[in-house]
Amino acid sequence: MAKKVLIMGGLGNGSVIAHAIADANKRGYEELICAGFINDRDNTSEIEGFPVHGGLKDIPRLLDEGYFFINTIFKVGGQKERIALFESLNIPDERLATFVHPMAYVAPNVELSPGCVIMPNVSVSSGTKFGKCCRVMVGATIGHNSVIGDYSFFAANCCTGAYLKIGKAVTVSLNACIREYVEIGNYATVGMGAVVLENIGEGEVWAGNPAKLLKKVE
Ligand SMILES: CC(C)(COP(=O)(O)OP(=O)(O)OC[C@H]1O[C@@H](n2cnc3c(N)ncnc32)[C@H](O)[C@@H]1OP(=O)(O)O)[C@@H](O)C(=O)NCCC(=O)NCCS
């Protein structure tokens, strides 16, 4: 039987993932169905046709009711607080849903930890390992034999080279690309369209072609 998944979040990343799961169902994918959202912010009972089942305080009850979860609560530069909040909820790993859209290519020896989302037209090459709750948005291309930390986010159409070491909660923005063997520290951000040729330190924001340090977020 399909697992019923609730998306923690709302319009944006959350809603595009909800619709991608519904689209996958139309294509015969049966592992998950999107049962709706967990949302404290928008004071609404539905988001784009999916019901809101409650807020973060309702998670213990919703765990008892058998739901699975995908976390999309995210802000560029604001990940530390959001991850601390998510981890304080103590959702067991086995109740984090992993979603791979049927139009994605994920090499057979790729490792996806619980809670990862792989959207349509993504390609993930062989030997790459993802930590928990990573999201790879439409059209992104992830190179081979890379190691990616928990909670990292790859925006649409970014392209990463091989043998990367990417830390925890790194954001790779729209259409950015990263040269092979580069190392990126925890909580760093690669800006839209950046061409990254050098290692990036923890909490640093880099942008441009070739990418340069824009600022460091404490
Ligand atoms: C890199 C980024 C995080 C910087 O955001 P910010 O801190 O708000 O920066 P600002 O917009 O204030 O810009 C600061 C400077 O950097 C420049 N800059 C910002 N983003 C840039 C980019 N991607 N490439 C080149 N220069 C950039 C600005 O022109 C500005 O330059 P100036 O000081 O000479 O005027 C942001 O531009 C970005 O890329 N966000 C990710 C968007 C994305 O992919 N969203 C998808 C999520 S679904």
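## A tour from the ligand outward

Select Lys-215 and the ligand: an N or O atom in the Lys-215 side chain lies 2.5 Å from an oxygen atom of the ligand. Keep in mind that this is a predicted model.

Stop 1: How much of the ligand does the protein bury? Taken alone, the ligand exposes 910 Å², and the protein buries 45% of that.

**Stop 2: the shell.** Select the residues around the ligand: Asn-13, Val-76, Phe-153, Ser-173, Leu-174, Gly-191, Met-192, Val-205, Ala-207, Gly-208, Leu-214 and Lys-215. Colour them by type. Seven are nonpolar, four polar and one charged. Then show the strands. β23 (204-207) and β24 (212-216) each bring at least two residues to this shell.

**Stop 3: a cis peptide.** Stay with β23 and β24 and select Pro-210, which sits in the loop between them. The bond from Asn-209 to Pro-210 is cis, with omega about -5°. Most peptide bonds are trans.

**Stop 4: aromatic pairs.** The whole structure holds six aromatic pairs. Start with Phe-74 and Phe-153. Their ring centres are 4.5 Å apart, with 35° between the planes, and the pair is tilted. Which parts of the chain does this pair tie together? Phe-74 lies in the loop between β5 (68-71) and α3 (79-88), while Phe-153 belongs to strand β15 (residues 153-154), so the pair links parts 79 residues apart in sequence. Phe-153 is buried, at 6%. Phe-153 is also one of the residues around the ligand.

Next, select Tyr-163 and Tyr-181. This pair is stacked: 4.8 Å centre to centre, 10° between the planes. Tyr-163 is in the loop between β16 (159-160) and β17 (165-166), and Tyr-181 is in the loop between β19 (177-178) and β20 (183-184), so the pair ties together parts 18 residues apart in sequence. Tyr-163 is partly exposed at 37% relative accessibility. Tyr-181 has a relative accessible area of 54%, so it counts as exposed; the cut-off is over 50%.

**Stop 5: lysines over rings.** Select Lys-4 and Tyr-67. The lysine lies over the face of Tyr-67, at 4.6 Å from the ring centre. Then go to Lys-80 and Tyr-187. Lys-80 lies over the face of Tyr-187, with 4.8 Å to the ring centre.

Stop 6: Most residues other than glycine have a negative phi. Where does Tyr-151 sit? Look in the loop between β14 (147-148) and β15. Phi of Tyr-151 is near 65°, a positive value in a residue other than glycine. Tyr-151 is buried, with a relative accessible area of 4%.

Move on to Asn-157, in the loop between β15 and β16. Its phi is near 65°, again positive in a residue that is not glycine. Asn-157 is partly exposed, with a relative accessible area of 45%.

Definitions and conventions:
Residues numbered from 1 in each chain as written. Predicted model: local features only at pLDDT ≥ 70, side-chain atom pairs only at ≥ 80, totals over all residues. Heavy atoms only, no water. Phe/Tyr/Trp six-rings, centres within 6.5 Å; stacked < 30°, edge-to-face > 60°. Helix = DSSP H or I, 4+ residues; strand = E, 2+ residues; numbered from the N terminus. Buried < 20%, exposed > 50% of the residue type's maximum accessible area, 1.4 Å probe, protein only. Lys NZ or Arg CZ within 6 Å of the ring centre and 35° of its normal. Near = heavy atom within 4 Å. Polar contact = N/O pair within 3.5 Å; in protein donor to acceptor, adjacent residues only side chain to side chain. Areas by Shrake-Rupley, 256 points an atom, 1.4 Å probe, with all protein chains shown as cover. Nonpolar A, V, L, I, M, F, W, Y, C, P; charged D, E, K, R; others polar.
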